[in-house]
Amino acid sequence: MSIDLKTIKHISKLSRISVDEKRAEKLADDLNSIFEFIEKLNELKTDNVEPLTSIAETTLKLRSDEVKSKNLREQIIKNSPQENEDYFVVPKVIE
Amino acid sequence: MSDITKQSLSELIKNIRERKISSTEATKAFIERSEKSKELNVYVTEDFSAAIEKAKKFDQKPNLDLKLPGIPLAVKDLFCTKNVKTTAGSKILNNFTPTYESTVTKNIWNEGAILLGKLNCDEFAMGSSNETSFFGSVQNPIDKGLVPGGSSGGSSSAVAAQLTPITIGTDTGGSIRQPASFTGTVGLKPTYGSCSRYGIVAFASSLDQAGPMSQNVRDCALLQEVISSYDEKDSTSIDFKRNNYSKELTNNIKGKKIGIPKEYRVDGMPKEIEDLWKKGIEYIKDCGAEILDISLPHTNYALPTYYIVAPAEASSNLARYDGVKYGFRADGENLIDMYEKTRSEGFGAEVQRRIMIGTYVLSSGYYDAYYLKAQKVRKLIKNDFDEAYKKVDAILTPSTPSSAFKIGEKTNDPVSMYLNDIFTVPVNLAGLPGISIPAGHDSKGYPLGLQIIGKAFDEQNILNIAYAMEEKINFKNKITDWWIK
């Protein structure tokens, strides 16, 4: 298996990270050497193995559904790069 | 008292309780030494003047019954600290000041400790040498130009250089144990679910755990007792009976069965590591414990599994950094352009690489071949340990396949960097506790560590084994203060 520039472009789009041509080539090289290393898993037959989806073998605890934190508006907005009164501001999305 | 910073945490607590040292004196001593140690680059954010104020306040009405009475300490910059900048070593969080406190740090302050500042680490804890940090690499106090390990590199360096009496790091694939091994210090990765992940900047949620890093095993046990708690704010936090690890610490490990996994004798392992391991086996026998050969057949598959599971979880966790709600934002022509530029300029190369690996293995058409496959192999790795623990109480291995390397030596080859974690990664995949203790030096005089892996929730047992071995090993760190002019 080999990751080409087209695939890098596709992953770059999915992960919302812009990548220029020069970096794309370096990334393809890096990812290919990492995937070569990962392919080792194909040596193993795992058809009848259950996937491990949770490491903690306990069921989730139940709790009563009550509001514990209130009036956080100011705290939530405090670190935003750009805000207007109580709103986060983003570039215009409707033409 | 001029030698305050040379004291271990336990000595410092004793002296504060006996009123021989005040919290203010201790705090000032660590600050003074830190001021002279800028070259190590351990701090991302210093909070020194606030620390002195807090220490003075403590001294006015000292509560000496607390477990960490007026003890100053610094923490890895991955823990959210209320009103103190928290960066995770990343440009994307360079302007982020949490409005809340992580549970683990809250537990520490509740026992009387005082924050000195936030310690450097690999960006989002992704790295094994502290070289991926936006704030630059950290020097290992052992030798100039040497990495302190990673990702908790600022933490390991600060403890070894005695700039903080103790600290906490986080460990996703070895990020506490490997830097501890590289700096001649002790580092414990607790059982998954022992320490709350609430308020810790997330990397890979099914693997991340916070844990103590210290100068000796007793200090490590004490801090573990403070930070471990059930927390309803973390749905994977586990409600189990937690020991008073430091009170119940004993060097009596007679009759314990310790397993030696043959698969950890990897190709190309330096003879020094092999010899260290043999020495460790002798120490364990000297303590009256029994050695058994065991097999963990899927060991070789742990790293490839990790490099699917961890990036997959990271790509999902790091989706939140979009330049909208908090963190760095780059200007863009439209919303999508803003996202793409923000993440391209805000994340460093290693973080981008891992997000892309994770995105790829989770993407349509590849999920079964990679992610599902890795989850299945993860099960086999866990089964290996379950099988082994039917015969033994704990497992002894080297902590790392080499001693600390030079800054810049491995930055161009991601796979060779990843191989650093070959002995530590299986422990995270299986959710088990593991501790690294300093056990000797290589020919260059650099420290080497041994790892003791325990059953889930059996921290007390591995702390006891580490404590018994520590006594026999009698390790002395060789630090010359070369960075102090």
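Predicted model: local features only at pLDDT ≥ 70, side-chain atom pairs only at ≥ 80, totals over all residues.
Residues are numbered from 1 along each chain as its sequence is written, while chains are lettered from A and ligands numbered from 1 in the order in which they are written.

Chain B is divided into domain 1 (4-256) and domain 2 (300-377), with bounds that come from an automatic or database domain assignment. The centres of these two domains of chain B, taken over C-alpha atoms, are separated by 28 Å. Their contact takes 21 residues from domain 1 of chain B and 17 residues from domain 2 of chain B; two residues are in contact if their C-beta atoms, placed from the backbone, lie within 7 Å.

The largest nonpolar core has 146 residues, of which Y307(B), I308(B), L463(B) and A466(B) touch the most other members. Such a core is a set of buried Ala, Val, Leu, Ile, Met, Phe, Trp, Tyr and Cys residues joined through C-beta atoms within 7 Å. A residue is buried if 20 or more other C-beta atoms lie within 10 Å of its own, exposed if 12 or fewer, and partly exposed in between, with C-beta atoms placed from the backbone. Helix α9(B) supplies the largest share of this core, nine residues. Because domain 1 (4-256) and domain 2 (300-377) of chain B both give residues to this core, it lies between them. Leaving aside neighbours within four places in sequence, L463(B) is in contact with V217(B), C220(B), A221(B), Y245(B), L249(B) and I435(B). A second, separate core of seven residues includes I142(B), L146(B), A404(B) and F405(B).

Helices (H or I, at least four residues) and strands (E, at least two) are DSSP runs, numbered from the N terminus. Three strands of chain B form an open sheet of mixed pairing in the order β1-β3-β2, where two strands pair if DSSP finds at least two bridges between them. At the edges are β1 (43-46) and β2 (72-76) of chain B, each pairing on one side only. The twist from one strand to the next averages 35°. Strands β2(B) and β3 (residues 114-119) of chain B pair in the parallel sense over four bridges; K76(B) has L119(B) as its bridge partner in β3(B). Helix α3 (residues 48-60) of chain B lies across β1, β2 and β3 of chain B and runs at about 160° to β3(B). Axes are lines fitted to C-alpha atoms, for helices over the stretch in contact, and angles run from 0 to 180 degrees between N-to-C directions.

Between the chains, 51 residues of chain B are in contact with 36 residues of chain A. Helix α12(B) gives the most to the side of chain B that touches chain A, with 10 residues.

N41(B) lies in the loop between α2 (23-35) and β1 of chain B and is buried, with 20 other C-beta atoms within 10 Å. N130(B) is found in the loop between β3 and α5 of chain B and counts as buried, with 35 C-beta neighbours inside 10 Å. A cis peptide bond, with omega of about 10°, joins G150(B) and S151(B).
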